[in-house]
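Consider how the parts of this chain pack against one another. The structure and its sequence are shown first, and the packing is then taken step by step.

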Amino acid sequence: SRDIVEYVADYLEMPFIKAWEVVTFYSMYYTKYNGKYLVQVCGTTPCWLRGSDKIKKACVELVGKEGEVSSDSISWLEVECLGACVNAPAVQINEDYYEDLNYENMIDLINNIKKKKSIKVGSQIGRVSSEPINTGKQNA
């Protein structure tokens, strides 16, 4: 909140506007409540080429408009690179990453959050680390 930024600026003995610039520049700082679950959808080129538009479509359908908190206390935002390009498309939900997504498994992921079910972190197709998809080791 603005009050917190003002407190930090005073504590650091710096002008408020300098602290506010930091808060509004970096994507990991938020000026409003994002709900219990924040879904960050990577929209950078590798994720976009592999279908992040469909991931965003699932978010709109099940959560609502970007940046708004749903009645389930979920919100979503498009962000730049999550650093998981090799397993694109990827999202970060709170502290965890979910990779190798498509429309269907993103729908499942959001529905499991809504139902308070546990969700598998990492690759959603069983890929280990960044191995090639066609190794035959998935779901082993």
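Is the crossing of helix 1 and helix 2 left-handed or right-handed? In this predicted model, helix 1 and helix 2 cross in the right-handed sense. Two packed helices are described by the angle between their axes and the distance between the axes. Here helix 1 covers residues 2-11 and helix 2 covers residues 16-25; the angle is about 125 degrees, and the axes lie 9 Å apart. Angles of 65 to 115 degrees count as roughly perpendicular and those over 145 as roughly antiparallel, and helix 1 and helix 2 are therefore oblique to each other.

The residues of this contact can be listed by side. Helix 1 contributes R2, V5, E6 and A9, which meet F16, A19, W20 and V23 of helix 2. Sorted by class, the contact of helix 1 with helix 2 holds six nonpolar residues, two charged residues and no polar ones.

In soluble globular proteins, nonpolar side chains tend to be buried together. The largest nonpolar core has 17 residues, of which V39, V41, C59, V91, I93, L101 and M106 touch the most other members. Two or more residues of this core come from each of strand 1 (37-42), helix 4 (52-62), strand 2 (74-79), strand 3 (91-93) and helix 5 (103-114). Helix 5 gives the most, with five residues.

V41 shows what such a position touches. Leaving aside residues up to four places away in sequence, V41 is in contact with S52, I55, K56, C59, W76, L77, E78, V79, A90 and V91. There is also a second, separate core of seven residues, among them C47, V79, A84 and A88.

Key:
Residues numbered from 1 in each chain as written. Predicted model: local features only at pLDDT ≥ 70, side-chain atom pairs only at ≥ 80, totals over all residues. Heavy atoms only, no water. Core = buried A, V, L, I, M, F, W, Y, C linked by side-chain atoms within 4.5 Å. Buried < 20%, exposed > 50% of the residue type's maximum accessible area, 1.4 Å probe, protein only. Helix = DSSP H or I, 4+ residues; strand = E, 2+ residues; numbered from the N terminus. Contact = heavy atoms within 4.5 Å. Axes fitted to C-alpha atoms, helices over the stretch in contact; angles between N-to-C directions. Parallel < 35°, antiparallel > 145°, perpendicular 65-115°, else oblique. Left-handed = near helix turned anticlockwise from the far one by under 90°. Nonpolar A, V, L, I, M, F, W, Y, C, P; charged D, E, K, R; others polar.
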